[in-house]
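Here's a quick tour of some pockets and ring contacts. Have a look at the model first, then read on.

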Amino acid sequence: MDTPQYRHLIETFFTSQPEAITQIFQELLSALEAEGQHLPSSPMSQNYETASVNPEIHVLPGNLKDARDAIFPYFWGTDSWSSPLHLENVKGPASNASLIGALACLLKNPNLCTDTYSQRSNELEVKAVTALANLLFYHTDDPWGVFTMGGTISNLYGAKIGIEKVLPGAMHHGLQGAKIAGIVSEASHYSNQSVAGWLGMGTAQLHSIPTDASLAMRLDLLEEKLEALYTDGVKVAYVVATFGTTDTFGVDDVAEIRRITETQAQKFGQPRPQVHVDGAVGWVLCFFSEYDLEKNPLDFPETLLPIIARAKTCAHGLRVADSITIDFHKMGWGHYPGSAFLVNQRSDLRYLSRSVEQMPYFSEADGRRDPALFTLECSRPALGPYTVMASLNGIGLTGWQVLVAHALEQAQRLKNKLSALEYCHVLNQDTIGPSVAWWVLPKGRNAHEIFAKLEAGQLTDEEFVRYTAEVRRLYEKRDRTKDPRLDARLSFTTSIGYCPSGRSLPAWKAVFFNPRTGPEIVDRVIASIEEL
Ligand SMILES: *Cc1c(COP(=O)(O)O)cnc(C)c1O
């Protein structure tokens, strides 16, 4: 078939078209620049009314501009989240370094399922996971990992290895009514619930341990829970230590969790649960592992040094984790999806092999080249390795230290200024990350005293309801009256994860994920609260 129409199709869609493609890319870039003039929100209203009733498909073959036109309104109507006024959530702008990596990946479109379909891109994944593992586990001997579709899936890998460790062959035989459980903290991410449900263990078998005021899992209660579960004949498959809770940056003590699980499992003659770290948000603290606080080569302000010292201490705990989830698409300023699941010992991946019986040591040979032997996914994009390696090396270790330190500094500035207002109280004063959760009460109230009474169990239900309603009402008032050109967009959480006397604490929330958000924006947040 060599009709003119067929030739047109091949020429337009399947031969190199550098001019047509770069022209359209320029147009998209200039639309992106124009977004800088907009307020941080959707620049075009949505049209769900007919989105599903009238989805048209062109009849005649078109060209690359038709492809552009088909998506342009939706591209234009999407916020790239580059405004420094976005403080709502754990989402930042993607960096240009990541963009270069992503574009390169899209041009080649490798499939990481096996070496045959991805050649050196497969090698790039090996490099990327090793670089990340060395950063996180700190120069471990035989780490491994894969990129996944997101933190949820990375957490799923960790839980699945745990289940296979305590119930060998579950991949083949299923759970068969075995009593198994997982453990998380009350401030952990809801993805752990999804994982427990999707793995067939059931969300009812996922036990949440309360946290202390620093949003860290209470170790005394962890120990009690393990004791109770083992006494009941339950197999504990895994404990997820959260390294940076989503709203408030609570960090669980990984080393102590490892020690306690080991001791309890031994006492009851049970296999040790998988200690999986959910570092989706918090992993970036590892960039400080080797920062010399004495010399302070990057001239960080004195007030920041104690925070960096604590970051170093926290990161130390990761060295004893069995596996870790990191989300590069969060504080790595990478494109979605860029999540990695990392194991400290490569041999642990044998638990995920599709045919453990036949080839228990597959990871020695083929596992390196053919991740499809153990990954949940079959086809797998290479965006993760490309965006990660482009970003890590484009920005460089000291570049990362400066960027992360800047975020920590803004969060600290906001915390300090809020704490100075008697009608405001910071709920995550003791955490060190880029997020701040706080209460704003009407002027005249002493928020610090009220919070102290709450923690001491001295607030009546009626008082608690009244105060938390005030916190919410003032949040909504600011949201309604803010000047969208000046005032940052904040968000509201209904529970920060720390629950004194069993009460969920709502709070105002800000996350400093945009490197362009500076002190003037923080100060304006304070001013907008004072004006309420
Ligand atoms: C965001 C987040 C997840 C889920 O990650 P996705 O990439 O959104 O699937 C898991 N854990 C924590 C702590 C998170 O913040």
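Let's start with charges over rings, meaning NZ of Lys or CZ of Arg within 6 Å of the ring centre and within 35 degrees of the ring normal. Arg346 sits over the face of Trp144, 5.7 Å from the ring centre. Arg466 does likewise over Tyr467, also at 5.7 Å from the ring centre.

A word on the ground rules: this is a predicted model, where local features need pLDDT of at least 70 and side-chain atom pairs count only at pLDDT 80 or more, while totals for chains, interfaces and linings use all residues. Numbering runs from 1 along each chain as its sequence is written, and side-chain values use heavy atoms, with hydrogens and water left out.

Now for rings meeting rings. The whole structure holds 15 aromatic pairs (rings of Phe, Tyr and Trp, its six-membered ring, with centres within 6.5 Å; planes under 30 degrees apart are stacked, over 60 edge-to-face, the rest tilted). Helices here are DSSP runs of H or I with at least four residues, numbered from the N terminus. Phe72 counts as partly exposed because its relative accessibility is 28%, and Trp76 is partly exposed at 21% (buried is under 20% relative accessible area, exposed over 50%, partly exposed in between, with a 1.4 Å probe and protein chains only). Elsewhere, Trp283, Phe287, Phe328, Trp333 and Trp400 make up one aromatic cluster.

On to the pockets. On a 1 Å grid over the protein atoms alone, a pocket is an open set of points where a 1.4 Å probe fits, with protein on both sides within 12 Å along at least five of seven lines; lining residues have an atom within 4 Å of a point. Volume is the space filled by probe spheres set on the points, which are joined across faces, edges and corners.

| Pocket | Volume | Top contributor to lining |
|---|---|---|
| Largest | about 1,600 Å³ | α2, 10 residues |

The largest pocket has 46 lining residues, with Phe25, Leu32, Phe75, Leu99 and His335 nearest its centre. Its lining divides into 26 nonpolar, 15 polar and 5 charged residues (Ala, Val, Leu, Ile, Met, Phe, Trp, Tyr, Cys and Pro are nonpolar, Asp, Glu, Lys and Arg charged, the others, Gly among them, polar).

The second largest pocket's lining has 11 nonpolar, 10 polar and 3 charged residues.

Key. Helix = DSSP H or I, 4+ residues; strand = E, 2+ residues; numbered from the N terminus.
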